[in-house]
Amino acid sequence: MAGSSGSISAKEGNPFEAMSARFEVAARKLGLDPGLYEILKTPDRELAVSIPVEMDDGSYRVFQGYRVQHNMASGPCKGGIRFSPEVTLDEVRALAAWMTWKCAIANVPFGGGKGGVICDPSQLSRREIERITRRYVAMIIDIIGPERDVPAPDMNTNENVMAWIMDTYSMHARHAVPAIVTGKPIGLGGSLGRTEATGRGLDVVTREAMAYLDIPLRGARVVVQGFGNVGSIAARLLYEDGANIVAVSDVHGGIVNPAGLNVHELLKFARANRTVRGFPGSSEITNEELLEVQTDILLPAATENQITSRNADRISTRIIVEGANGPTTAAADALLEEKGIFVVPDILANAGGVTVSYFEWVQNRYGYYWEEAEVNDRLENTMVKAFRDVATVAEKFDVSMRLGAYMLGIDRVAYTTLTRGIYA
Ligand code: NAD
């Protein structure tokens, strides 16, 4: 797994282990029945597929793909599709389970799913990516659908890929099925506000966390790792709230300016140069150094395994708001807690994306589209309520926000499972 984890053990770096470690503690605190524990921990369905593709040069290659449906008790499974050479079945399993808990925390009536194809899009042409996408969809078509499992974008998949998924599924169904996938182009039934949703949700929970801890957001220092969709939108909104964005980074490295970066100018610069490095008035730092910059708010928004047993003791911040999925390993949790760092965990903090995906699916199904302000208002209400629900559980059981989030998500899915009963 890429990142500053370098020398952590394979176990610490395995995302499914990271999910399971927290699940176990939360289940124990909840006093979950051992049988129910097995049901909720085990993915409902896993499909591994081979994807044969004719390459541009006329040769054939076979790619490996997965779709994991972790839990479908509460509704159709929901979760992105990732194209990356680092995709593993364990990673897809972990991401699918996180989606289950995330949907439950946000009260979105979906279960958790995730998909991945082992491939390196930087080495593929647009036509090859399209052929991989269409064949992958044909291979998993029996288990997806608006009522079954609704994919979305994730790392290295975008709205073009979503359009190809929608088209492939629709050609098989013999009519247009926009609700098969979310994160579509607006012209194909995408929702206004979806692109900004995850960053906007992070902004909302950061405001909530600061108010909860009674720390003013105006003037607070913010460090953002990852200046892609999630990190750059969150940075812009926090900047517009009056926070002081002191350091940001991307895969090429980081920049710092203790006096604060002008995020509007930085966005233009990053668009033009495809990196934040070299932004006038800033100094360069590495991604490892960036995580250790003294700050009030640290926002990891890049990838997994960035805050680990190797660097957690050097992190100096009041709060961490996790934009990425799994940026903190389970072994780092205790170290952060010892330091009194308040962590808004991924399954709460980045739930804005799936929330507006749900709104997109709702709009597709009733064929009527909302103004952006309506999407944003509903998103804000959902995120505020989710933050407060998690804080209430954390206070009641005297646990961290991370454990509180897992406990809330597990408890809600356990309720649905028990109330439905086990079909035999
Ligand atoms: P993105 O590809 O738009 O941006 C990722 C950013 O991180 C880029 O700036 C990239 O250069 C940087 N990066 C990648 N590897 C890095 C590394 N090792 N060190 C430092 N920087 C690195 O992706 P995104 O959509 O912004 O997603 C970021 C994270 O947020 C992922 O973990 C994703 O699963 C999670 N997430 C995204 C959404 C969403 O709606 N996009 C929703 C929930 C969670």
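At what angle do helix α8 and helix α9 pack, and how far apart are their axes?

## Basis of the report

This is a predicted model, in which local features need pLDDT of at least 70 and side-chain atom pairs count only at pLDDT 80 or more, while totals for chains, interfaces and linings use all residues. Residues are numbered from 1 along each chain as its sequence is written, and side-chain values use heavy atoms, with hydrogens and water left out.

## The pairing of α8 and α9

Helix α8 (residues 229-240) packs against helix α9 (residues 263-273) at an angle of about 155°, and their axes are 9 Å apart. Helices here are DSSP runs of H or I with at least four residues, and strands are runs of E with at least two. The angle makes α8 roughly antiparallel to α9 (over 145 degrees).

The residues that meet are Ser232, Ala235, Arg236, Tyr239 and Glu240 in α8 and Val263, His264 and Leu267 in α9, contact being heavy atoms within 4.5 Å. By class, this contact has 4 nonpolar, 2 polar and 2 charged residues.

## Two asparagines with positive phi

Most residues other than glycine have a negative phi. Asn156, although not a glycine, has a positive phi of about 65°. The loop between β5 (149-153) and α6 (159-173) holds Asn156. Its relative accessibility is 48%, so Asn156 counts as partly exposed (from 20% to 50% relative accessible area, with a 1.4 Å probe and protein chains only).

Asn305 also has a positive phi, near 55°, and lies in the loop between β10 (297-300) and β11 (319-321). Asn305 counts as buried because its relative accessibility is 3% (buried means under 20%).

Notes:
Axes fitted to C-alpha atoms, helices over the stretch in contact; angles between N-to-C directions. Parallel < 35°, antiparallel > 145°, perpendicular 65-115°, else oblique. Nonpolar A, V, L, I, M, F, W, Y, C, P; charged D, E, K, R; others polar.
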